Amino acid sequence: MTLRISLTAARRALSTRRVTSPRPPLLLTTALQTTKLSRSLPPPRPCPAFATPPHLLHRTMTTTASSRRQPAWAQPTPSPQAPALPPLKVYNSLTRTKVPFVPIDAEGRKVTWYCCGPTVYDAGHLGHARNYVTTDVLRRIMRDYFGFEVTFVQNVTDVDDKIILRARQNHLFTEFTSKNESITPEVKATVLDAWTQYITQNLQVAEGESVSPASFVKWVSEDKDLGRIYAIVDKESKLKPGQEAEEVLLNEKDTKKKMHIKTLLTSSAVLVQQPQNASDFYAAVSSILPPYLDAKAKAEGREYGKEIFSKLSTYWENHFNEDMKRLNVLPPTIITRVSEFIPENVSFVERLVEKGLAYPTEDGSVYFDIQAYESSGHHYAKLEPWNKGDVSLIADGEGALSAPTTITDPIPSGTTAFAKTKKSTSDFALWKCSKAGEPSWPSPWGAGRPGWHIECSVMASHVLGGQIDIHSGGIDLAFPHHDNEIAQSEAFWEGDYKPQGECCGSTSGDGKHQWINYFLHMGHLSIQGSKMSKSLKNFVSIREALARSPSGEAPAWTARGLRVVFLMGGWKEGIEVGVGVLLEARKWEETIGKFFAVVKALVSEETEKEQAGEFVPMKFTAAENQIYKDLDDARSALHAALCDNFNTPVAMDVLSQLVGKANIYNSSGSASVPALKEIARWITRIVNIFGLDSTPYAGDKIGWNDANATDSGAVNKEEVLMPYLRVLSTFRDQVRALAISNPQVSSKDLLALSDVLREDILPALGVSLDDRDNTKALVKLVSPEILLAQKAEKDRKAAEKEANRLEKAAAERKRLEAGKLSHLEMFKPPQTDEFGAWDDEGLPTHTKDGEPLAKSRSKKVKKDWERQKKLHETYTAAIAKQ
């Protein structure tokens, strides 16, 4: 199946509003349009020798409105006692430049890392896979290549407006359907009210305009704005199975409209013509009825137990963890849940209030005071100052349950009065008062829950302290979430943080506390420029992508295949994924996998010879000298690439180029197995570091497990099967030799049986036999999916060739059949009664009325006669050969 994929998570603004990316996303769309990474990327640059950089770094960024600058950032400096650090440079979102990486640890070994984890209310999608798999790649490189001891902390947001809404709506929808197992007139009336509410809230219905489910198609198709989007939806609905939709670029606003139109079309259909099955009816209205039921329950002041919310979040947290395991993502060193840090959240907010950098409001909420923060010398919005004041981003960051508020008058200094609401639109909630139907915990300001931004600051600070090496997450979180994290954390730790040791001072360029030294933001995953989002209902879940089809066919994606895509695209760049990138990734994976299979087969063959006491030559000629040099060059190039901001696209190209050189070297037929083994072992180590194999790396290991294997404790297939396979291969070699040497032994039949064994039987077992001149066949164990796919392609080409042959044969038969009639008889009855006299060659001279044939007619007849003569001669020659 073809999967069309989109952005990592819900970006909080239209793509046209963002000015965060310094370069356009890497577009990888169709097979013909796919960017060839190995050709487009610059050659790897050697890592510069490490030197202490300038203390302060900044870069000026601009918007169309005004010039806004990222504040000065303090470059950490290594301790004089620390051992030499690797010359690693990383792209730091705090400077938007590549800067040397220096850990806080005085010994230069330990690295602290906080990663924003999932908000657990639905299935993880491929956008999430992009974020967490890519983060896992960087973490593995830091740990397994550069040798840092990484403490990796990742949170689970299990208290959030989205969770509250989804849990309530799920509960109410289940309750409603349980009480109404059949579709009564009362049920339809309720759903119709829900339909009306949905279209009124989500599409522009003019005041006084009446739209019903029955008239919806006519109304939406005739609407000037919505009509063009409906045309796309209508066209997609008429596609046949296997057909792909025409690529149409939509911005986020139009993507939402498309989602609403599809939802209303589906629900309109069952309201106009009710299905017999109640479950089909409820499935069709599952997007419009829950919000209506929730709004109705909210108006009635309905309350819920906390178990309603924890049940949902626990289910999806476990679901997420299982997905990460399937994607071979390392589990965090430490997991933190918001629900288990409520007291710490309260204490953190209290400290900010004490410092005069936060204020409570009359409803029991607490807001961060950005004006007071900046007045104290801090810089707000260090990551994306150009988005500072963007009302839509700020509002979205406050959560779906935050009601719009009016700005209160300033509170006189020296008073203890609570503000009526927040002072500025830019101020953000640290503590939210809980309304009816929302979970709550006690606080000095009243029952409520933590705001979204404060949660990470509290958990990261509690576990890792007041200064952290690395903080990471999707680029969509940079503003306002990460900028707000920085503000409240640096406000909290300012004047209270006491660094340990001599390494890495804790102040930034403005003299204030620097909470995070390096911010890493993972690039988006998109399709046709549109994001992948649960709220837009345009996502492909991780499990859908990795699932096999009902017929047992291989999935379009494997965990390894996805990781290869992300490695080839880089970690911070946007990637648009279509058919082309999937094919490119498969090609890379197959190239490496085939090389592993060949080397393992050669090693096994040589080992068998040694065990049998046979002489095994160990030559070292100019060819071996060159291939070892190629390996050394590859090691240097890959090291330079990884030092250069984890440049995995170049690293992947280094590996494939080395395999290409090794294959050429091996094609001579007299290659040194130890040389090939050394190359394969090194590549195995690197792909294991990249997380492309689920089994731990062992020093002498070659290759990787099956891409779909989940049992890391599985037995070694080579050790178990190879003795039997070699016996089978030897038998086949003997049969072939006998048939070739003795023509009297039905050689054709024996060779055919031999080919059936090789081409039809063994591939299903994952066994490939490669015939070699003057020696035994090379036995390889390869993924059955790969072999069967290759066989299917070979069969397809053979079938196409046979179809072409039959078509040509039919055309030839038709041409010969046209020559069956002799040119001597073609103008005589019964072929025609037009003529009455003919010469000796059958050419007509007179018409049937006895008139001499006209000159022009004679000329035409002569021409036809000559053509038929050639056809008849060809026909008679073909008959003679039979």
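**Exercise 1. Aromatic pairs**

Task: Find how many aromatic pairs the model has, and classify the pair Tyr132 and Phe320.

Solution. Step 1: apply the rule. Rings of Phe, Tyr and Trp (its six-membered ring) pair if their centres lie within 6.5 Å; planes under 30 degrees apart count as stacked, over 60 as edge-to-face and the rest as tilted. The count by this rule is 24 aromatic pairs. The model is a predicted one, in which local features need pLDDT of at least 70 and side-chain atom pairs count only at pLDDT 80 or more, while totals for chains, interfaces and linings use all residues. Residues are numbered from 1 along each chain as its sequence is written, and side-chain values use heavy atoms, with hydrogens and water left out.

Step 1: classify. The ring centres of Tyr132 and Phe320 are 5.2 Å apart and the planes stand at 80°, so this pair is edge-to-face.

Step 2: place the residues. Tyr132 belongs to helix H2 and Phe320 to helix H10 (residues 306-326), so the pair ties together parts that are 188 residues apart in sequence. Helices (H or I, at least four residues) and strands (E, at least two) are DSSP runs, numbered from the N terminus.

Step 3: check burial. Buried means under 20% relative accessible area, exposed over 50%, partly exposed in between (1.4 Å probe, protein chains only). Tyr132, at 5%, is buried, and Phe320, at 8%, is buried too.

**Exercise 2. Charges over rings**

Task: Which rings lie under Arg560 and Lys572?

Solution. Step 1: a charge sits over a ring if NZ of Lys or CZ of Arg is within 6 Å of the ring centre and within 35 degrees of the ring normal. Step 2: Arg560 lies over the face of Trp704, 4.1 Å from the ring centre. Step 3: the charged end of Lys572 sits over the ring of Tyr91, at 4.4 Å from its centre.

**Exercise 3. The parallel sheet**

Task: Give the strand order of the five-stranded open sheet, then its edge strands.

Solution. Step 1: two strands pair if DSSP finds at least two bridges between them. The order is E10-E9-E8-E15-E16, with parallel pairing. Step 2: strand E10 (334-337) and strand E16 (516-522) are the edges, each pairing on one side only. Step 3: strand E15 (residues 468-474) is joined to E16 by six bridges, and Ile468 stands opposite Ile516 in E16.

Step 1: Contact means heavy atoms within 4.5 Å. Axes are lines fitted to C-alpha atoms, for helices over the stretch in contact, and angles run from 0 to 180 degrees between N-to-C directions. Helix H2 (residues 126-145) lies across strand E8 (110-115), strand E9 (149-156), E15 and E16, at about 175° to E8.
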